[in-house]
Amino acid sequence: RSKCTFWNGDQIETLLMLLAKSAGLEIKYSGLEQKTVEIDGVQGHPDCVLVHNGKEVLVECKSMSSFSFKKFQKENYIDPSYQYQIQAYLHALGLTQCVIVGFNKDAGVFSELIINKDQTIVADVIRRIGTLRAVTRESLPERPYGPDAKGFLPWNCLYCGHYKTCWPTSEKILVSNRYKLKARTEKAGIILDDGKGTQIDE
């Protein structure tokens, strides 16, 4: 499911790039020409760069549910993970602005928001990368996410390609026609699950 979700996002990104180019906009580093950027060895792939009045601006395309799109459009809300991603790309590209194009995949509606470079977030991105690069098996960093009262991990963990490294005993469970990630028999104060639906605090 997560792979299909990302694939769907890629298709919407491709559509937006085609629309932008057909409207006469100058787009760089999109599609197969997508640029690879990095900060201290950690790589990323920005969607594209728009050249407007001689100025380069980062463009990120995000497909959203109706609920998320409403918050994006009415409250200018952007998930913190997207904020960090955007700020990292701006820093790596040496740019100061990003246009986020939001697409409501339930209703086919577009909206956009301009985000300026935030040096505070950039500094935290660099700090976090430094922390990760210093990690050893004996000194793992604190995990940013944990299970809820029923032992389920948030969607962030389910969509992460490294969840088995972080939560070795976790497993995907089908709940109401969608998968959720459940942490089982974890140590050090994490909720335990005896396999019968009983949670125990250690």
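**Entry 1. Salt bridges**

A salt bridge is a side-chain nitrogen of Lys or Arg lying within 4 Å of a carboxyl oxygen of Asp or Glu. I note that the model I am reading is predicted. Side chains of opposite charge can pair when their charged atoms come close. I looked up the total and found that the structure holds 5 salt bridges.

I first examined glutamate 60 and lysine 62, whose closest N and O atoms are 3.8 Å apart, so the pair meets the 4 Å cut-off and forms a salt bridge. Is glutamate 60 buried or exposed? Glutamate 60 counts as buried, because its relative accessibility is 1%. Lysine 62 also counts as buried, at 11%.

I then turned to glutamate 56, which forms a salt bridge with lysine 28 at 2.5 Å between the closest N and O atoms. Glutamate 56 belongs to strand S5 and lysine 28 to strand S1, so this pair ties together parts that are 28 residues apart in sequence. I recorded glutamate 56 as partly exposed at 30% relative accessibility, and lysine 28 as partly exposed at 24%.

**Entry 2. Helices H3 and H4**

I looked up how helix H3 (residues 80-93) and helix H4 (residues 119-133) are placed. Their axes come within 9 Å and cross at roughly 90°; the two helices are therefore roughly perpendicular to each other. Residues of H3 that meet H4 include Tyr84 and His91, and the H4 residues they face as a group include Val125 and Asp124.

Aspartate 124 is buried, with a relative accessible area of 16%, whereas arginine 128 is partly exposed at 42%. I also noted that Asp124, Arg127 and Arg128 are linked in a network of salt bridges.

Which residues other than glycine have a positive phi? I found tyrosine 29, with phi near 60°, and asparagine 53, with phi of about 55°. Tyrosine 29 sits in the loop between strands S1 and S2 and is partly exposed at 27%. Asparagine 53 sits in the loop between strands S4 and S5 and counts as exposed, at 73% relative accessibility.

**Entry 3. A nonpolar patch**

Leu15, Leu19 and Phe110 make a nonpolar surface patch of about 250 Å². I located phenylalanine 110 in strand S7 (residues 109-116). Phenylalanine 110 counts as partly exposed, with 38% relative accessibility.

Notes:
Residues are numbered from 1 along each chain as its sequence is written. This is a predicted model: local features need pLDDT of at least 70, side-chain atom pairs count only at pLDDT 80 or more; totals for chains, interfaces and linings use all residues. Side-chain values use heavy atoms; hydrogens and water are left out. Patches are made of residues with over 30% relative accessible area and no salt bridge: like charges are joined within 9 Å, nonpolar side chains (Val, Leu, Ile, Met, Phe, Trp, Tyr) within 5 Å. Accessible areas come from the Shrake-Rupley method with a 1.4 Å probe; for residues, only the protein chains shown count as cover. Helices (H or I, at least four residues) and strands (E, at least two) are DSSP runs, numbered from the N terminus. Buried means under 20% relative accessible area, exposed over 50%, partly exposed in between (1.4 Å probe, protein chains only). Axes are lines fitted to C-alpha atoms, for helices over the stretch in contact, and angles run from 0 to 180 degrees between N-to-C directions. Angles under 35 degrees count as roughly parallel, over 145 as roughly antiparallel, 65 to 115 as roughly perpendicular and the rest as oblique. Contact means heavy atoms within 4.5 Å.
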